[in-house]
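Have the viewer ready and follow along.

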Amino acid sequence: MVTRRCATLKAARRKHSSSDKASQCIPVRGEERELATLARLRPAVRMAISPGSDAAFSGQKPTRSESPRSKKFLLTEEEIFYMNCRAAYLTVFKSSLDNIISKDQLYLALQHAGRNPSQKTINKYWTPQTAKLNFDDFCIILRKEKPTSKAELLKSFKQLDVNDNGSILHSDLYKLLTKKGEKMTREEVNAIINLADVNADGKFDYIKFCKLYMATNEQCLKTALEKLEVDSKLRRQQFGSHMEGSPERDPSPVPKASPRIIRKTDQESFSNKGDTSNSSLATARQFKTSVSLTVTMGADSNQNSKLIEPHSIKEWQGVQSKGCFFLEEDGEIISHQYKMQIAQRSLVYITIKPLNLSQAEGKPSPWLSVDTALYILKENESQANLQLLCFTELRNRETFGWTGELGPGIYWLVPSTTGCRLRKEIKPVTEEAQLVCRDETGELFLTQEFRSTLSDIFEVIDLDGNGLLSLEEYNFFELRTSGEKCDEDAWAVCRENFDTKKNELTRQGFMDLNLMEANDREGDPRDLWVTLHSMGYNKALELTEACPFVIDIYADKCKPRIKAVHMEACSGQLEKAICKSVLNKGNAKVMDGYENIIIYTYKRDTWITSVIENKSDNKVIIHINNELSRNCVNNRGLDIFAVEVAPKSTMVCQHVMPLNERQEWIYYCVYSLIS
């Protein structure tokens, strides 16, 4: 399957083919659009005939899904999101701790959240290997699967409305829903046709259907919120919501929750608002034991362990590679990962720092303040058996580095950022940048602002910094923006139609490729915006949800080699590496009366990391309270939350950094055992 840009490349070849061949492509495109349209409509149609939908499809007016508490308190979008997540989840389950254990339960919970997914969507999240999903998994799915709007639904139906009169013949509807794509049964279609309010004279009135469909979604959510509001027992649970930050904290939205994160309830967050002593008293009896930690850090404390460049480094051999941290919609961070080869035992100097791009004057560069680190792991017999050697813990301004001796072999370099400063943007963008324009002859061209942004993107994806894009480098870009790779055939077309050198794409060729994509869409910028958002840009063309970085490696005895091999989530091997380093270097505190539960705290000059080790045979739930910390921000984005630690395991609990490095910061955290 080819990507959008790869399809554009192949379109270039079609321009030189006969008109007969070109015309043969038109029915295929039309059929693809029709199948895509049906894929969007089927979930909505199925919802109309699902149990519990009769009331909504009997002519009732839409109701706004707003709980009494949200009227009383001004909630952020994030708080409303988590409240709605809880409401939907607790409509199906007794507790946020209950797991989803079947596809049917997942479908029902998503339906109560107004998502109404297709079978393909369900299969995406419930694979043959899935045994269960928890509340946090559910929240992640809701972030990814946006509810369908009335406008989108109407637009999809209009594409099937050959007469453009607001209705579809029953015979046509039957053929569309039972013969193409994810087929519906005869009984399902008959049930749709028998809905009295949206059918008359052998026609399906999709305008009325859309109105009632939205009413059903609203009613499902409204019912769930009312149930949540009334049931005080559910509101007292310790799970499932946002804690409002204290005034000193960064108000950024929550990053991705670990699959083991459990949030504090809405009820506690607001009933004890501004009174931490009452909050503590109200919940103290639920805790079996607690342990507190206090760390006071001075202003500009990073000067204590400064990174020093080896004095003879000019005589060493070096190599450089670039990469990028990308912030996903659900708050997860992914990045390039690398293999490094050292041919003979050498003294090695490795650094990582944010990449300084040529931002236009007046535009912010928030990524330059993002912390970066590099974990160095030795490859033994397999990738699954990697040995942590060290990480870049010394700092000189924005550069983090490490110096030491490495023997010959293959090493993995895994970039890391705490996530404290790479956060979802909350500032609304009021004006959208223009990407393309037409000149007086009607020809499309890229605006200067967009060209400047594309030039910066080229700088980021040109990993080896040679000013050209290889197929390998370009495919990292394709994987990020479209999830697929460009094949050799499409790359051959690229070399034929765009400026290349040594079989690699030049910066001008990259610009022309994007212009061709704009022309292929007749100036519609939506696909271009998909690319820009995937690369971390907002509507003002500001890089706010990504952090490009550059890695430099020097060795005194041989020329090191580095190659980007993956672009993956910053978890897995990285989580293991962080846990191991904290256990080796951090201070340990045992839970009083529970010697198998240990809190490790590792303090560096610029950040603090805590890890929880559970040596027992049972899972434990630990409540974390950061309310009394000052001038701090953590990667969870929460003052109060809870984590579930599996038996015989360790997990990263949180990273903490100063909001303002020029001021003193105090980390005060209370860890309490719930169960």
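Strand β11 (residues 394-396) pairs with β12 in the antiparallel sense over 3 bridges; two strands count as paired if DSSP finds at least two bridges between them. Helices (H or I, at least four residues) and strands (E, at least two) are DSSP runs, numbered from the N terminus. Within this pair, Asn396 stands opposite Thr399 in β12. The hairpin of β11 and β12 has 2 residues between the strands, and Arg397 takes a positive phi near 60° there.

A word on the model itself: it is predicted, local features need pLDDT of at least 70, side-chain atom pairs count only at pLDDT 80 or more, and totals for chains, interfaces and linings use all residues. Residues are numbered from 1 along each chain as its sequence is written, and side-chain values use heavy atoms, with hydrogens and water left out.

Strand β12 (residues 399-406) also pairs with strand β8 (residues 346-354), antiparallel and over 7 bridges. There, Leu347 has Glu405 of β12 as its bridge partner. Is β12 mostly covered or mostly uncovered? Of its 8 residues, 6 are buried, so to speak mostly covered, where buried means under 20% relative accessible area, exposed over 50% and partly exposed in between (1.4 Å probe, protein chains only).

| Strand pair | Bridges | Bridge partners |
|---|---|---|
| β8 and β12 | 7 bridges | Leu347 and Glu405 |
| β1 and β3 | 3 bridges | Ile168 and Phe204 |
| β22 and β26 | 7 bridges | Ile612 and Met651 |

The pair of β1 and β3 belongs to an open sheet of 3 strands, ordered β1-β3-β2 with antiparallel pairing. Its edge strands, β1 (167-169) and β2 (199-200), each pair on one side only.

The pair of β22 and β26 sits in an open sheet of 5 strands, with the order β20-β21-β22-β26-β24 and antiparallel pairing. β20 (587-591) and β24 (632-634) stand at the edges with a single partner strand each, so one side of each has no neighbour in the sheet. From one strand to the next, the twist averages 25°. Helix α20 (residues 573-585) lies across β20, β21 (594-603), β22 and β26, and runs at about 80° to β26. Axes are lines fitted to C-alpha atoms, for helices over the stretch in contact, and angles run from 0 to 180 degrees between N-to-C directions.

Next, a helix pair. The axes of α16 (residues 471-482) and α19 (residues 526-534) come within 8 Å and cross at roughly 105°. That makes α16 roughly perpendicular to α19, a label for angles of 65 to 115 degrees. Phe477, Arg480 and Thr481 of α16 meet Val530, Thr531 and Ser534 of α19 in this contact, with contact meaning heavy atoms within 4.5 Å.

Across the whole chain there are 20 helices and 27 strands, and buried residues make up 53% of the 675 residues. The mean pLDDT (the predictor's confidence in each residue, from 0 to 100) is 79, and 77% of the residues reach 70 or more. Over residues 13-33 the pLDDT is below 50, and this stretch has 8 contacts beyond near neighbours in sequence.

Definitions and conventions. Angles under 35 degrees count as roughly parallel, over 145 as roughly antiparallel, 65 to 115 as roughly perpendicular and the rest as oblique.
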